[in-house]
Amino acid sequence: MKLSNQAQAFVLHFGEMGSRWGFNRTVGQMFALLTIHNAPLNADQLAEALKISRGNVSMGLKELQAWRLIELHHQPGDRKDYFTAAGSIWDLARTVFEERRKRELDPTLTLLRQLLLTDPRDEQEAKAQEKIQEVYSLLEMLDQFANTLSRLDEKDLLKLMKLGSGLSKLLELKSKATGAASRKSATGKNK
């Protein structure tokens with residue numbers, strides 16, 4: 001299978017991005033190819049298209065299955081396993097986000113809870129625990145926000161995202177207005 005220049009650029013870039021998302025370059029490339037290809041692919045086709053070993057493909061497929069990012073398909077009369085991306089782009093983004101949360105945020109929150117249950121032995125530990133509490137509170141708030149977002153359907157999520165840019169402009173206007181009002185009242189007091 002030969003990839004077009006556009007497909008190859010997309011696949012290569014996703015390989016580089018893979019390490020930022022929590023998996024290696026090859027897995028990122030496999031995921032990208034399965035995402036843009038219009039038909040299910042088997043391991044041999046993936047190996048040929050990406051010019052990687054069949055063993056590397058097998059390991060990558062297992063990892064993508066563990067992340068819940070691909071689906072297994074069978075074709076009548078063919079004993080090979082075929083794979084496609086598991087859902088729409090929105091479904092895939094949501095799954096990556098959920099998996100990263102499970103792998104990164106949840107263990108961090110668990111550790112911070114344990115640290116906060118320990119009584120500080122001295123003032124230095126008490127100060128450290130205050131900062132740990134701040135980190136915990138922030139992460140807990142982000143986790144609650146993420147839970148809310150994950151329950152939204154695609155249409156509502158799109159509306160919220162579009163609203164987001166308008167909301168930042170509204171907050172900026174509010175900040176300017178309250179800043180001007182405080183400067184005005186400060187000037188009036190000085191008279």
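Predicted model: local features only at pLDDT ≥ 70, side-chain atom pairs only at ≥ 80, totals over all residues.
Residues are numbered from 1 along each chain as its sequence is written, local features need pLDDT of at least 70, side-chain atom pairs count only at pLDDT 80 or more, and totals for chains, interfaces and linings use all residues. Side-chain values use heavy atoms, with hydrogens and water left out.

Trainee: Is Thr26 buried or exposed?
Mentor: Thr26 lies in helix α2 (residues 25-36), where a helix is a DSSP run of H or I with at least four residues, numbered from the N terminus. Not counting residues up to four places away in sequence, Thr26 touches Ile52 and Asn56, contact meaning heavy atoms within 4.5 Å. Buried means under 20% relative accessible area and exposed over 50%, with partly exposed in between (1.4 Å probe, protein chains only). Because its relative accessible area is 12%, Thr26 is buried.

Trainee: What is the handedness of the crossing where α1 passes α2?
Mentor: Residues of helix α1 (residues 5-21), including Phe10 and Phe14, meet residues of α2, among them Ala32 and Leu33. A crossing is left-handed if the near helix is turned anticlockwise from the far one by less than a right angle, and right-handed if clockwise. The crossing of α1 with α2 is right-handed.

Definitions and conventions. Helix = DSSP H or I, 4+ residues; strand = E, 2+ residues; numbered from the N terminus. Axes fitted to C-alpha atoms, helices over the stretch in contact; angles between N-to-C directions.
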